[in-house]
Amino acid sequence: MVILAHPDDPEFFLGGTIAEWVKQGHEVSYLLLTKGQRGVSPGYPDPVDLDKVRVREQQNAAAKLGVNKVDFLDFQDGYLVADIEARKKVAREIRKTRPDVVATFDPLLIYQRGRINHPDHRTAGQIVIDAIFPAVGNSAFFPEFLEEGLLAHQVEELWLSVPVEANFELDVTQNWQLRLEALLEHVSQVGEPAKFLEIMETKRQTRWGEEMRYVESFRRLIL
Ligand SMILES: [Zn+2]
């Protein structure tokens, strides 16, 4: 279960890993906490109903990777707060889905290489972590969930994407093209496709001699 802030976050942060999970036969679903109403690339015509556009783009991008279950919560893009209301809503969704592995953003990443991380990204990570422990696994938290038939659930692993300090890496070079195809489904975000693809090429990392590889890094917690 991939839980992040905005449409396009899954493909940008861990698209290669998601593609790998699907290939290996795992059931993958997304939960996006906002519909990305405020995010648009420069030059995209001022869109009416941007949230509807972005929901559709996200469904198309997910489908490219083989993910057909994409859910959204109704928090406002840019205004995400790690409060009890958010924790409860996310905890409810995790108890419904009952995932073995949850992937989200590392909430400790405030800035990196001269760039400020979007506050929604780290806030989403904080909300997810606070939901998993202790609320999802302890039936004394949000007892009304029991009346909804949502029993406590133990998540086994937490994968924090774009971590401050990685302890796990996946070489997902073989999924590079598929990830790019999925990203291009986010038409309102990528701008001119040729230019976008050129920028993306610099994101590959050189490893193992001269060979260009694409690696996704995580802080992986076995709970
Ligand atoms: Zn985002």
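This is a predicted model: local features need pLDDT of at least 70, side-chain atom pairs count only at pLDDT 80 or more; totals for chains, interfaces and linings use all residues.
Biologist: How do you know whether α3 and α4 are roughly parallel or roughly perpendicular?

Modeller: Helix α3, residues 84-97, and helix α4, residues 119-136, pack at an angle of about 65°, with their axes 9 Å apart. Angles of 65 to 115 degrees count as roughly perpendicular, and therefore α3 is described as roughly perpendicular to α4.

Biologist: Which residues make the contact, and what is its class composition?

Modeller: On the α3 side the contact is made by A86, R87, V90, A91, I94 and R95, while α4 contributes I127, V128, D130, A131, I132, A135 and V136. By class, this contact of α3 with α4 has 10 nonpolar, no polar and three charged residues.

Biologist: What makes the peptide bond from F133 to P134 cis?

Modeller: Its omega is near 0°, and the bond from F133 to P134 is accordingly cis; P134 itself is found in helix α4. Most peptide bonds are trans.

Biologist: What is the phi of R113, and why is R113 called buried or exposed?

Modeller: R113 has a positive phi of about 45° although it is not a glycine, and its place is in the loop between β5 (111-112) and β6 (115-116). Most residues other than glycine have a negative phi.

Biologist: Where does V162 lie, and why does V162 count as buried or exposed?

Modeller: V162 is in the loop between β7 (157-161) and β8 (168-171), and its phi is near 50°, a positive value in a residue other than glycine. The cut-off for a buried residue is 20 or more other C-beta atoms within 10 Å, and because V162 has 21 C-beta neighbours inside 10 Å, V162 counts as buried.

Biologist: How do you know whether P10 is buried or exposed?

Modeller: P10, which lies in helix α1 (residues 9-23), has 27 other C-beta atoms within 10 Å, and so, with 20 or more required, P10 is buried. Leaving aside its neighbours within four places in sequence, P10 is in contact with V2, L4, G15, I18 and Y30. The C-alpha atoms of P10 and T104 are separated by 8.8 Å, although these two residues are 94 residues apart along the chain.

How values were computed. Residues are numbered from 1 along each chain as its sequence is written. Axes are lines fitted to C-alpha atoms, for helices over the stretch in contact, and angles run from 0 to 180 degrees between N-to-C directions. Helices (H or I, at least four residues) and strands (E, at least two) are DSSP runs, numbered from the N terminus. Angles under 35 degrees count as roughly parallel, over 145 as roughly antiparallel, 65 to 115 as roughly perpendicular and the rest as oblique. Two residues are in contact if their C-beta atoms, placed from the backbone, lie within 7 Å. Ala, Val, Leu, Ile, Met, Phe, Trp, Tyr, Cys and Pro count as nonpolar, Asp, Glu, Lys and Arg as charged, and the others, Gly among them, as polar. A residue is buried if 20 or more other C-beta atoms lie within 10 Å of its own, exposed if 12 or fewer, and partly exposed in between; C-beta atoms are placed from the backbone.
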